Amino acid sequence: QQQGWQKTLEGNMQTYQAIGQMAQQAAQFLADLAQKRAEKAIAEAMQERDRKVAVLQQELDTSVIETEHYEQQRLALAQHYSDQVKAVKEAEKQKISELEAFYAEKS
């Protein structure tokens, strides 16, 4: 009878060990699955970050190009008005010289 109990106990122990190993394998499987999901989520987040950074970089590049364009327009406009001021000054200087010469002859 004691041998019967021992055999039953040994059989139960083997069953419990097998169940324990299956439980460990299941737990490991779930841990691996969770790890893969986390890695996938991280990869997706990094892709989204990279996409957003690329969009912002494109906007920045466009802004820089537009700023350079507006700066060129501003400089061209400033040069245009500077040239106009010089032209007016030269024309007025010429008129003054002509008037001075005219009045100098009359005197």
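This report covers the fold, surface, charges and side-chain contacts of a predicted protein model.

Residues are numbered from 1 along each chain as its sequence is written, and side-chain values use heavy atoms, with hydrogens and water left out. Because the model is predicted, local features need pLDDT of at least 70 and side-chain atom pairs count only at pLDDT 80 or more, while totals for chains, interfaces and linings use all residues.

**Overall form**

The protein has one helix and zero strands. Its radius of gyration is 45 Å, well over the 13 Å that the globule rule gives for 107 residues, so the protein is more spread out than a compact globule. The radius is taken over C-alpha atoms, and the globule rule is 2.2 Å times the number of residues to the power 0.38. Along the principal axes, the C-alpha atoms fill a box of roughly 155 × 15 × 5 Å. Helix H1 covers residues 2-106. Helices (H or I, at least four residues) and strands (E, at least two) are DSSP runs, numbered from the N terminus.

**Surface**

Buried residues make up 0% of the 107 residues. Buried means under 20% relative accessible area, exposed means over 50%, and partly exposed lies in between (1.4 Å probe, protein chains only). The accessible surface comes to about 10100 Å². Carbon and sulfur atoms hold 58% of that surface. The areas come from the Shrake-Rupley method with a 1.4 Å probe; for residues, only the protein chains shown count as cover.

**Charges and salt bridges**

The protein carries 13 positive and 17 negative side chains. The centres of the two sets lie 6 Å apart. Lys and Arg count as positive, Asp and Glu as negative; His and the chain ends are not counted. Each charge is placed at NZ of Lys, CZ of Arg, CG of Asp or CD of Glu.

Side chains of opposite charge can pair when their charged atoms come close. The count here is five salt bridges. The rule asks for a side-chain nitrogen of Lys or Arg within 4 Å of a carboxyl oxygen of Asp or Glu.

| Pair | N to O distance |
|---|---|
| Arg-51 and Glu-48 | 2.6 Å |
| Glu-48 and Lys-52 | 4.0 Å |
| Glu-71 and Arg-74 | 2.7 Å |

Glu-48, Arg-51 and Lys-52 are linked in a network of salt bridges. Arg-51 and Glu-48 are three residues apart in helix H1, about one helical turn. Glu-48 and Lys-52 are four residues apart in helix H1, again about one helical turn. Glu-48 is partly exposed at 33% relative accessibility. Arg-51 is partly exposed at 45%, and Lys-52 is partly exposed at 46%.

Glu-71 and Arg-74 also lie in helix H1, three residues apart, about one turn of the helix. Glu-71 is partly exposed at 34% relative accessibility. Arg-74 is partly exposed at 47%.

**Aromatic pair**

The count comes to one aromatic pair. The ring centres of Phe-102 and Tyr-103 are 5.4 Å apart and their planes stand at 70°, so the pair is edge-to-face. Rings of Phe, Tyr and Trp (its six-membered ring) pair if their centres lie within 6.5 Å; planes under 30 degrees apart count as stacked, over 60 as edge-to-face and the rest as tilted. Phe-102 is partly exposed at 40% relative accessibility, whereas Tyr-103 is exposed at 54%.
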